[in-house]
Amino acid sequence: PVYTIVAANSRSARNGSFLEKLGQYDPKGEKNLVDVKVEAVQAWLGKGAQMSDTVRSLFKKHGVKL
């Protein structure tokens with residue numbers, strides 16, 4: 001499985017539309033976090049977005065500095 005990290009509106013369905021693709025998580029791959037747009041994540045957080053607990057723990061575990 002490969003999971004996509006996205007910015008989504010809280011009012012949208014879980015599998016519905018999203019605002020921006022921010023990266024991917026591949027738990028079985030050599031490099032677990034792929035193509036993470038750190039600047040875009042910081043921009044969304046600056047606009048008031050909130051990270052899910054899962055994404056927060058993935059970033060912390062893999063050393064993504066925000």
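**Close-up views of a predicted model**

View 1. Arg-56 and Asp-53 both belong to helix α2, where they sit three residues apart, about one turn of the helix. Helices (H or I, at least four residues) and strands (E, at least two) are taken as DSSP runs and numbered from the N terminus. The side chains of these two residues, Arg-56 and Asp-53, meet in a salt bridge with an N to O distance of 3.2 Å, a term that requires a side-chain nitrogen of Lys or Arg within 4 Å of a carboxyl oxygen of Asp or Glu. A search of the whole structure finds one salt bridge. The model is predicted, and local features need pLDDT of at least 70, side-chain atom pairs count only at pLDDT 80 or more, while totals for chains, interfaces and linings use all residues. Residues are numbered from 1 along each chain as its sequence is written, and side-chain values use heavy atoms, with hydrogens and water left out.

**View 2. The open sheet of three strands.** The strands follow the order β1-β2-β3 in an open sheet with antiparallel pairing, where two strands pair if DSSP finds at least two bridges between them. The edge strands, β1 and β3 (33-34), each pair on one side only. Five bridges join β1 to β2, and in this pair Val-6 stands opposite Lys-21, while Thr-4 stands opposite Gln-24. Two bridges join β2 to β3, with Tyr-25 opposite Leu-33.

**View 3. The lining of the largest pocket.** About 890 Å³ of space lies in the largest pocket. Of the 31 residues that line this pocket, the closest to its centre are Val-6, Ala-7, Ala-8, Ser-52 and Val-55. On a 1 Å grid over the protein atoms alone, a pocket is an open set of points where a 1.4 Å probe fits, with protein on both sides within 12 Å along at least five of seven lines, and lining residues have an atom within 4 Å of a point. Grid points are joined across faces, edges and corners, and the volume is the space filled by probe spheres set on the points. Strand β1 gives the largest share of the lining, five residues, and β1 (3-7), β2 (20-25), α1 (38-46) and α2 (53-61) each supply at least two.
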